[in-house]
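Please read it alongside the sequence and the coordinates.

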Amino acid sequence: MAKKKDDGNPVCSFCGANGPEDMVIPGPRGVNICSACTHLLFNLYSDAGAYGPEAAAQRKHDAAPQEEKPLRVPSPVEIKAFLDQYVIGQDAVKRSLATAVHNHYRRLEQPKDVKDGEFADVEIEKSNVLLIGPTGCGKTLLAKSLARFLNVPFAIGDATTLTEAGYVGEDVENLVRYLLQNADMDPRRAARGIIYVDEIDKIAGRTQNVSITRDVSGEGVQQALLKILEGTIARIPPKGGRKHPDQEYIEVDTSNILFICGGAFVGLEKIVESRANARVIGFDSKDGAASDAEKRSGLLKDVRPEDLVQFGLIPEFTGRLPIISVMDDLTEDDLVRILVEPKNSLVKQYRKLLAMDGADVTFEEGALRELAAIAKKRKTGARGLRAAMERVMQDIMFEAPSAKPGAKITISAEDVRAKLA
């Protein structure tokens, strides 16, 4: 109940005024305020910039939707130079990818004179990318590095987890939901992002026979991916989960999202070989000068959309991936370079970690060669390097924080062999 004095007048809860001239206004929960205190509070807020024309204009500006800042589109040479800092080798793929990405974002940021001039009626279509290469060759790293350089939202999805709508598993629109989350739930930023879909070869149908059962993870998923690859309005539940009619959605236009799909496509080289009738350079060749990996890479350089269709991708799906880049298998020399040259190479990472504990670690050339040879033998590409390095460095990383500062540690080929024998 509001405070009142014996004369029945309400009392200001802040200064105690209670006369008729004070104009005390009763408030909720027994709190009253007089005209003097009201003016005082108004002046305090005004001094803090909470009122006035400028503050009102600022509040209106904050509430209004902000225009997307123009994206500076780097040249293909700039893009490749950045990728060179993180990805070793794969020069042809980096050139192709840099050109494709430049053209994609140039399409979004075309200047006004091009929009209104001679080419006003010319619509530039989106060109998604398909990367073909063995595991650990840098497909995912290429996509991640592109997104970092362009400062656009990025999301990774695994095609093996996707199912046709209505079945248990992940809907293909979850790929857009991941991107939206990484864009801080801003649909405008998400609509200019990059989505990398890994293991895309795993959704290929491997048989020409028509099945009487539903294909939950193969052709059905390809059909579901068609719309978001080409461009559609994806309706994403803000909190995830399954959709229901009464739910609110965030709409994301996928027509400007760049999709990069990657896969190993094991066995595709045999389809190319059969089409090209190139038996003399195939796996049955008597020539031992080239390794199986080199022969496979050489065959895949000639891959065509019809080869992908024979592999099991539907023609409509391959049509949405017009740019096909084939990555080389990493050589032992490439793996050694991966250990030391990139900005975030494994050697630099471990040197930094140990430097935090006051230790200095050095890797001999023989140790690097041994690590590369082991990863090459296991056929796991660059991913195998980290697993091997973790085994070698485990005891050292355990003891380093307790050792005296200034310790010098040298890793030799014998140390590598002893840990990984």
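The model is predicted. Its protein chain has 18 helices and 11 strands. Of the 421 residues in the chain, 41% are buried.

**Chain as a whole**
- Taking contacts between residues at least 6 apart in sequence, 69% join residues at least 24 apart.

**The sheet**
- An open sheet is formed by five strands, with parallel pairing and the order β4-β5-β8-β3-β9.
- The edge positions belong to β4 (154-158) and β9 (323-326); each has a single partner strand, so one side of each is left without a neighbour in the sheet.
- From one strand to the next, the twist averages 20 degrees.
- Four bridges link strand β3 (residues 129-132) to β9 in the parallel sense.
- Within this pairing of β3 with β9, L130 stands opposite I324 in β9.

**Helices packed on the sheet**
- Helix α4 (residues 91-108) packs on the sheet and touches β3, β5 (194-198), β8 (258-263) and β9.
- The direction of α4 makes about 155 degrees with that of β9.
- Helix α6 (residues 139-150) also packs on the sheet, where it touches β3, β4, β5 and β8.
- The direction of α6 makes about 175 degrees with that of β5.

**The α4 and α6 pair**
- Two packed helices are described by the angle between their axes and the distance between the axes.
- For α4 and α6 the angle is about 40 degrees, and the axes lie 12 Å apart.
- That angle makes α4 oblique to α6, because angles under 35 degrees would count as roughly parallel and 65 to 115 as roughly perpendicular.
- The two helices, α4 and α6, cross in the right-handed sense.
- On the α4 side the contact uses V93, K94, L97, V101 and Y105, which meet L142, L146 and L150 in α6.
- Sorted by class, the residues in the contact of α4 with α6 are seven nonpolar, no polar and one charged.

- Helix α12 (residues 305-311) contains P305.
- P305 has 42% relative accessibility and therefore counts as partly exposed, since that class lies between the 20% limit for buried and the 50% limit for exposed.
- P305 and I324 are 19 residues apart along the chain, and their C-alpha atoms are separated by 8.8 Å.
- I324 is the β9 residue that L130 stands opposite.

How values were computed: Residues numbered from 1 in each chain as written. Predicted model: local features only at pLDDT ≥ 70, side-chain atom pairs only at ≥ 80, totals over all residues. Heavy atoms only, no water. Pairing = 2+ DSSP bridges. Axes fitted to C-alpha atoms, helices over the stretch in contact; angles between N-to-C directions. Contact = heavy atoms within 4.5 Å. Parallel < 35°, antiparallel > 145°, perpendicular 65-115°, else oblique. Left-handed = near helix turned anticlockwise from the far one by under 90°. Nonpolar A, V, L, I, M, F, W, Y, C, P; charged D, E, K, R; others polar. Buried < 20%, exposed > 50% of the residue type's maximum accessible area, 1.4 Å probe, protein only.
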